[in-house]
Amino acid sequence: MDILLLNGPNLNLLGRREPGIYGNRSFEDFLPELEAAFPKLKLTHFQSNHEGALIDKLHEVGFSHHGIVLNAGGYTHTSVALADAVAAIAAPVVEVHLSNLAAREDFRQKSLLGRYCAGSISGFGLESYRLAVQWFVNQQPKRVGFRV
């Protein structure tokens, strides 16, 4: 099973950026642990601070991978274009966030992507990624969601 772990803006600064909110570990430090936990999966990782690069990556793998774990960072709340890209692809997407969005600022409590995702996981730090990957393992999903 091929799963893409797709990270958006500022997630390259994990471990250094606001550790009280996002923790003290970088994604690069966490990734080998995640790969070891799921040795039968092919996990690939891509991060960009650029909206277009994230959209291009969704288009590139959205019809070939079994699933995508997406942490769109701030684009979660602002990007209609990224939401449209998630809606356009065949691979199921699980939206993840390190912090609990419900406990954050008002503007962070609305996701433009969520309606096109199989589900959302937030508030568990880097473990949010592990929970999302485990869902793919458990469900071996086809395209799901709330759209017709």
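You're looking at a predicted model, where local features need pLDDT of at least 70, side-chain atom pairs count only at pLDDT 80 or more, and totals for chains, interfaces and linings use all residues. Residues are numbered from 1 along each chain as its sequence is written, and side-chain values use heavy atoms, with hydrogens and water left out. Helices (H or I, at least four residues) and strands (E, at least two) are DSSP runs, numbered from the N terminus.

**Salt bridges**

- Side chains of opposite charge can pair when their charged atoms come close.
- Searching the whole structure turns up four salt bridges (a side-chain nitrogen of Lys or Arg within 4 Å of a carboxyl oxygen of Asp or Glu).
- One of them joins glutamate 33 to arginine 130, with the closest N and O atoms 2.6 Å apart. This pair ties together distant parts of the chain: glutamate 33 sits in helix H2 (residues 27–37) and arginine 130 in helix H5 (residues 127–139), 97 residues apart.
- Glutamate 33 is partly exposed because its relative accessibility is 33% (buried means under 20% relative accessible area, exposed over 50%, partly exposed in between, using a 1.4 Å probe and protein chains only).
- Arginine 130 also meets glutamate 127 in a salt bridge, at 2.7 Å from N to O. Both of these residues lie in H5, three residues apart, which is about one turn of the helix.
- Glutamate 127 has a relative accessible area of 35%, so glutamate 127 is partly exposed.
- Put together, Arg25, Glu33, Glu127 and Arg130 are linked in a network of salt bridges.
- Lysine 57 and glutamate 60 make another salt bridge, at 3.4 Å from N to O. They share helix H3 (residues 51–61) and are three residues apart, about one turn of the helix.
- Lysine 57 counts as buried at 15% relative accessibility, whereas glutamate 60 counts as exposed at 53%.

**Aromatic rings**

- A pair of aromatic rings is described by the distance of the centres and the angle of the planes.
- The whole structure has three aromatic pairs (rings of Phe, Tyr and Trp, its six-membered ring, with centres within 6.5 Å; planes under 30 degrees apart count as stacked, over 60 as edge-to-face and the rest as tilted).
- Tryptophan 135 and phenylalanine 136 form an edge-to-face pair, 5.1 Å centre to centre with 70° between the planes.
- Tryptophan 135 is partly exposed, at 25% relative accessible area, while phenylalanine 136 is buried, at 0% relative accessibility.
- Elsewhere, ring pairs link Phe27, Phe30 and Tyr129 into a cluster.
- Lysine 57 turns up again here: it lies over the face of phenylalanine 46, 4.8 Å from the ring centre (NZ of Lys or CZ of Arg must be within 6 Å of the centre and within 35 degrees of the ring normal).

**Helix H5**

- In H5, the buried residues are Ser128, Tyr129, Arg130, Ala132, Val133 and Phe136.
- The buried residues of H5 pack against H2 and several strands, including S1 (2–7) and S2 (42–47) (contact means heavy atoms within 4.5 Å).

**Strand S4**

- S4 is mostly covered, with five of its five residues buried.
- Val93, Glu95 and His97 point one way from S4, and Val94 and Val96 point the other way.
- S4 pairs with S3 in the parallel sense over three bridges (strands pair if DSSP finds at least two bridges between them), and valine 69 stands opposite valine 94 in S4.
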